[in-house]
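Welcome! Here is a short briefing to read alongside the sequence and the 3D view.

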Amino acid sequence: MNTGMGLGVTSVDMSLARLKDALNRAVTRGLVTVNVASEVHIPLKARKAERKTKAVVQPWNASEVGALSL
């Protein structure tokens, strides 16, 4: 079964940040006693691996811009 390409480190990092924020608010309001996500961190190895494989986006050249404006 092909499950797709998965999420990138940036997407996971942003989602984790939102989760941590939500749980911090829940702790403040007394809904939970501890933020269990506060100790979750994305490994540095994963961050470095994503940076190495990330494609460099090239800007459009003049002919591509011209073709777009037709």
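The chain has a radius of gyration of 20 Å, whereas a compact globule of 70 residues would have one near 11 Å; this radius is taken over C-alpha atoms, and the globule rule is 2.2 Å times the number of residues to the power 0.38. Please keep in mind that this is a predicted model, in which local features need pLDDT of at least 70 and side-chain atom pairs count only at pLDDT 80 or more, while totals for chains, interfaces and linings use all residues. Residues are numbered from 1 along each chain as its sequence is written, and side-chain values use heavy atoms, with hydrogens and water left out.

**Overall layout**

- The chain holds three helices and zero strands, where helices (H or I, at least four residues) and strands (E, at least two) are DSSP runs numbered from the N terminus.
- Along the principal axes, the C-alpha atoms fill a box of roughly 60 × 30 × 30 Å.
- Of the 70 residues, 10% count as buried, meaning under 20% relative accessible area, with exposed over 50% and partly exposed in between (1.4 Å probe, protein chains only).

**Salt bridges**

- The structure has two salt bridges, each a side-chain nitrogen of Lys or Arg within 4 Å of a carboxyl oxygen of Asp or Glu.
- One joins D13 and R47, with the closest N and O atoms 3.5 Å apart.
- Since D13 lies in helix 1 and R47 in helix 2, this pair ties together parts that are 34 residues apart in sequence.
- D13 is partly exposed at 31% relative accessibility, and R47 is partly exposed at 27%.
- The other pairs D21 with R25, the closest N and O atoms being 3.3 Å apart; both lie in helix 1, four residues apart, about one turn of the helix.

- L31 counts as exposed because its relative accessibility is 63%.
- N35, at 7% relative accessibility, counts as buried.
- Leaving aside neighbours within four places in sequence, N35 is in contact (heavy atoms within 4.5 Å) with K20, L23, N24 and V27.
- A polar atom of the N35 side chain lies 2.9 Å from the backbone nitrogen of A37.

Definitions and conventions. Polar contact = N/O pair within 3.5 Å; in protein donor to acceptor, adjacent residues only side chain to side chain.
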